[in-house]
Every structure is written in structure tokens, then in C-alpha cells.
Amino acid sequence: MQRRLPIQPTIVLLKEGTDTSQGKPQLLSNISACLAIAETLASTLGPRGMDKLIVNERGEAQITNDGATILKLLDIVHPAARTLVDIARAQDAEVGDGTTSVVLLAAQLLKEVRGLIEEGVSPHIVMKGFRKASQLAIDCIKELQVSVDKSDPDRFRSLLLKCASTSMSSKLIHSEKPFFADMVVDAVLCLDQEDLDESLIGVKKIAGGGMQDSMLVKGVAFKKTFTYAGAEQQPKLFHDPLILCLNVELELKAEKDNAEVRVDAVSEYQAIVDAEWEIIYRKLEAIEKTGARVVLSKLPIGDLATQWFADRDIFCAGRVAAGDLRRVVQAVGGSIQSTCSDILPEHLGTCGLFEERQIGGERYNIFEGCPKAKTCTLILRGGAEQFIEEVERSLHDAIMVVKRAVKNGDVVAGGGAIEMELSAHIRNHALTIPGKLQLIISAFAKALEIIPRQICDNAGLDTTDILNKLRMKHAHGERWFGVDVDGPSGIRDNMEAFVWEPSLVKVNAISSAVEAACLILGVDETVRNPQSEGPNPGPKAPAGTAQRALRGRGRGMGIGRR
């Protein structure tokens with residue numbers, strides 16, 4: 001008798017509708033998604049890069065060519081491709097520049113090894129080769145980088161100007177590079193050189209005027225806050241005033257709004273009202289006794305206090321933003337007080353000049369000549385709102401690059417020069433390695449050429465011709481030759497042409513790109529729950545909640561039974 005085979009039960013591990021895909025096809029699909037993102041960003045690289053106009057669901061348009069900003073606005077849903085968004089964001093936060101480069105490099109690394117993966121090479125061998133090549137590249141950068149002497153302030157400032165100009169050459173403001181580079185370097189040198197907290201550089205945007213009307217205030221400037229009628233009678237200009245910063249509400253508080261008071265006679269009620277007035281007058285007199293001529297508060301300053309200060313030639317501003325008040329304290333000295341009593345002279349700050357000035361269509365309160373100025377404010381002007389926002393993003397990148405150069409002081413030549421030198425170095429090293437690793441390290445060397453290649457493509461130059469010229473120069477030891485988008489030959493010594501970048505930007509870009517590529521190569525299965533694709537409804541309520549809520553309605557409502 002034939003023995004019957006036991007029936008295998010169907011085992012359901014995942015919810016119905018869950019999509020699973022695994023193996024080589026999944027890995028190749030993830031690589032294709034990353035290449036699609038890189039294709040979107042590729043045209044924004046370099047001094048001749050194009051801008052992207054992105055419109056969100058509310059119809060607001062933004063024009064930018066900053067890699068991290070574009071990826072943030074695109075709202076990418078592909079899980080593997082979001083890795084590239086994360087590395088662009090990390091590069092932006094850590095170094096400020098090189099966001100497009102890092103995404104292009106990661107995608108190109110994947111593209112170069114896609115053929116090897118299709119032919120059955122294990123992803124782990126590829127990852128091992130990438131990590132080895134990445135270490136070679138970083139060691140090579142550290143050998144090649146040029147250290148600038150910080151003891152000579154003029155030469156050091158010149159280095160910072162070159163780094164700021166290189167960062168801006170691919171932005172909308174490249175036509176005004178000298179003007180903005182000067183502004184950015186002055187802004188960074190205003191900060192505490194030990195701490196270099198870029199959040200203390202305030203940026204205020206005022207529509208109207210031209211780019212050249214932008215200015216740097218070596219102190220603090222903020223938009224005039226909401227004021228009451230008496231503010232127009234206050235003086236708007238002081239020389240060497242004492243400045244008091246408060247976190248106190250100077251408004252007449254009627255206690256009847258938030259307290260219950262029982263009185264037997266009208267005179268008792270009058271005594272309560274008098275006490276309320278007495279409290280605010282006591283606060284105001286305590287402030288006047290300090291000798292402060294400018295009073296700023298994070299909380300509202302009411303109409304009574306505004307008029308009282310105006311009668312005594314004191315300027316006041318309430319509802320000052322917390323960030324602006326913090327920067328005022330950093331610039332003028334003193335500290336923010338939470339009470340009006342026991343204010344000592346050391347709690348007050350001072351500045352050379354305070355004035356309220358009209359800039360464009362807005363009025364601004366400006367503090368200049370501050371003795372402790374560890375902060376400054378950039379006031380940006382321009383035609384369209386989107387244009388000013390892009391100027392702000394460009395200046396943020398330049399500020400971050402200058403900050404890194406101040407901390408680090410080591411530079412390399414930009415414009416694809418360092419990538420070509422690394423490519424030549426790694427390609428030569430690959431020839432000494434036997435086995436499959438040679439192919440992978442050669443693929444890494446070829447992937448580095450994407451940066452000069454894309455700069456040429458975007459500038460409309462003959463890519464093949466220029467890359468061949470560059471390979472020849474680097475083979476003969478001309479290590480700083482890179483792409484020249486303006487000259488007739490298309491190549492030049494970028495170190496002599498002052499196209500400089502902090503070496504930290506390149507080290508960070510290469511290590512981040514290799515990490516992202518290895519992360520994507522290490523994934524061979526994606527499990528996707530369709531519910532996770534939809535909007536998140538939040539956690540479910542426990543069973544029986546609705547019935548209990550309905551049962552409780554009507555109780556304690558004071559409705560008597562008839």
C-alpha cells in the first residue's frame with residue numbers, strides 16, 4: 001500500500017496584503033531607485049548647475065539648487081532611496097556643503113558595481129572593497145591637504161574668503177561672490193572663536209531693493225515688535241545706553257479675570273484696584289532706578305507701561321522673540337531678569353549705538369558697537385521672496401564651510417581636482433591587489449570621476465576630452481588640476497586659481513557615501529505593510545471605551561427628574 005505524504009499546513013507569518021520581495025531583484029531595484037534620485041540632483045552640481053522649482057501641496061514655490069533642500073521638499077517614499085536623503089541631511093548638518101556631491105557619489109558607487117552584483121559577486125565582498133578604498137581615499141586626502149598658517153591673520157582671512165567663494169560659486173548668488181564672501185567671513189569672525197555657534201548669526205529677510213543693499217550688522221537687529229500708542233513718543237536713538245532685558249509682563253492685570261474677590265463695601269473694591277496699579281507702578285519705578293534707557297521683554301509690555309516709559313524718555317519693546325533676546329544678551333552683556341527687584345548694574349548691558357531704522361518697508365531695532373559682540377545679524381534684501389530664501393540657504397552653506405575652515409584650517413583644491421587625484425591614486429593601488437577586490441577598488445576609483453564629469457556636463461563642455469586631459473595631468477604628478485568652466489582649455493590648476501574647499505567636506509562626503517552604499521548593498525529583502533503606507537491614524541482605543549463614554553454622558557449636569 002502506497003504511503004500517503006503528510007499534508008503540510010500553510011503557515012501565515014505576515015498580515016494579509018503584506019508585500020515581500022527578496023533576493024537579487026530586490027537589491028537591483030533598490031540600486032535603480034537611488035540612481036533615479038541622483039539623476040534628479042545631477043544637473044544642480046557645480047558653478048553652471050541648474051536650479052529646481054519645487055511647488056508643495058499648498059501651492060508655495062521654492063527655487064533652489066541645494067541638494068539637501070531638494071531632497072527634503074521631494075518627500076521621497078521609497079525606503080531604500082530615503083537613505084540618500086538621510087546622508088544629504090547629515091552632510092548638511094555636519095559640514096554644510098557637498099550635499100549634492102555625497103548623493104551623486106553614493107549612487108555612482110552603486111551603479112559601478114551593479115554589473116558585478118548581476119554576475120553573482122557577493123555584496124559582502126563589494127562592501128569590503130568599498131571600505132578598503134574609502135580608507136585609502138581618506139588617508140590620501142590627509143597626505144595631500146594643505147594647512148594654512150593661522151598666525152598670520154591676513155593670510156588666514158584670505159583662505160576663508162576663498163573657501164566662502166568656492167561654496168557660493170554653484171549658487172544663485174555667484175554673481176555677487178566677493179560681496180557676500182566678505183559678509184560671511186566677517187560674520188563668522190564675529191563669533192566666539194572657541195565655540196563658533198552659527199545659531200548666533202541672525203538672518204533677517206526684507207523684500208525689496210537689490211542684493212547689494214544687503215548688510216551685516218555687527219550686533220543685533222530685529223523687526224520692530226507690536227507696540228501700543230505711546231511708543232511713537234519714545235526716543236528712537238541712543239548713544240551708549242544701558243540696556244535691560246526682562247522676562248517680565250508689564251501689563252496692568254485686573255485680578256477680577258482670574259480670581260474671585262468678595263467685598264462688603266465699595267471702598268474695599270477701590271483698595272484692590274489701587275493695589276493692582278501700585279504693583280505695576282512699583283515695577284516701573286524699579287526699572288527706572290536702574291538707569292536703563294532701553295528696556296526689552298520677552299513678554300508683553302502694555303499701553304500703561306509704554307506711555308510711562310515714553311514720558312521718561314525710555315525706549316521699550318515687548319514680545320521680543322526668544323532667539324533675538326538671547327542674541328541681544330550675547331552682544332550687549334548683562335543677563336535676562338525674571339523680576340524687577342534687585343537689578344544690579346552687572347545685570348545691565350550696553351552698546352555704542354541703538355536706533356530704530358527704516359529698512360525697506362519695515363522698521364528695525366538695531367544695536368551696534370556692542371562691547372561683547374559674539375553675535376551678528378545678516379539683513380538680506382532682494383526682489384522675490386523665493387530668491388531671498390535661496391540667498392539665505394546659500395549663505396548658510398558658506399557660513400558652515402567657513403566655520404569648518406576656522407576650526408580645521410586644512411584645504412584641498414575643488415572643481416574635481418581632489419577627486420581626479422584620488423581616482424588616479426586608488427586605480428594605481430588596485431593594480432597591486434589580486435582577486436575580485438581589484439575590480440571593486442577600480443570601480444570605486446572610476447566612481448570618483450562622477451564629480452568632474454558632472455561639472456563638465458552641466459557647463460556644456462566636452463566631458464571625454466577634459467577627463468582625458470585631467471587623467472594625463474594627474475599621471476604626470478600635477479595633483480591640483482581640475483575643471484575650469486570659464487577657460488578655453490577647460491582645465492587649470494585649481495589650487496593656484498583659489499578654488500579651495502575644507503578637506504573635512506571631502507572626507508565627510510566620501511565616508512558618508514560609502515556608508516550609504518554599503519547599507520543599500522546589505523539589504524536583500526523588503527517587507528512592506530500596506531497599512532504603513534497610509535496616513536497614521538494613531539493607536540487604537542481599548543475595547544469598550546466608546547460605551548463607557550456614552551454611559552457617563554448626562555451625569556452631573558444638574559438636570560432634575562420630573
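Me: In which loop is Phe 226 found?

Reply: Phe 226 is found in the loop between β7 (219–223) and β8 (237–239). The labels come from DSSP runs numbered from the N terminus, where a helix is a run of H or I with at least four residues and a strand is a run of E with at least two. This is a predicted model, in which local features need pLDDT of at least 70 and side-chain atom pairs count only at pLDDT 80 or more, while totals for chains, interfaces and linings use all residues. Residues are numbered from 1 along each chain as its sequence is written, and side-chain values use heavy atoms, with hydrogens and water left out.

Me: Why is Phe 226 called exposed?

Reply: A residue is buried under 20% relative accessible area, exposed over 50% and partly exposed in between, with a 1.4 Å probe and protein chains only. Phe 226 has a relative accessible area of 52%, so it is called exposed. In space, the C-alpha atoms of Phe 226 and Val 320 are 9.0 Å apart, although the two residues are 94 apart in sequence.

Me: Why is Ala 443 called buried?

Reply: Ala 443 has a relative accessibility of 9%, and therefore it counts as buried. This residue is found in helix α13 (residues 436–448), where the buried residues also include Leu 437, Ile 440, Ile 441 and Phe 444. The buried residues of α13 pack against α4, α5 (123–144), α12 (417–430), α14 (450–459) and α16 (503–521).

Me: What does Ala 443 touch, residues up to four places away in sequence not being counted?

Reply: Ala 443 touches Glu 112 and Val 113, where contact means heavy atoms within 4.5 Å. For the chain as a whole, 75% of the contacts between residues at least 6 apart in sequence join residues at least 24 apart.

Me: How do you know that the length of α13 agrees with its number of residues?

Reply: The expected span of a helix is 1.5 Å times one less than its number of residues. With 13 residues, α13 should span 18 Å, and its end C-alpha atoms are 19 Å apart, so the two values agree. Helix α7 (residues 177–190) can be judged by that rule too, since its 14 residues reach 20 Å from first C-alpha to last, close to the 20 Å expected.

Me: At what angle do α3 and α4 pack?

Reply: Two packed helices are described by the angle between their axes and the distance between the axes. Axes are lines fitted to C-alpha atoms, for helices over the stretch in contact, and angles run from 0 to 180 degrees between N-to-C directions. Helix α3 (residues 82–94) and helix α4 (residues 99–118) pack at about 145°, with axes 8 Å apart. The contact is made by Leu 84, Ile 87, Ala 88, Gln 91 and Asp 92 of α3 together with Thr 99, Val 102, Val 103 and Ala 106 of α4.

Me: How many disulfides does the structure hold?

Reply: The structure holds zero disulfides, a disulfide being a pair of cysteine sulfur atoms within 2.5 Å. As for individual cysteines, Cys 163 has a relative accessible area of 1% and is therefore buried, and Cys 456, at 0%, counts as buried.

Me: How many helices and strands does the chain have?

Reply: The chain has 18 helices and 21 strands, and buried residues make up 47% of its 562 residues.
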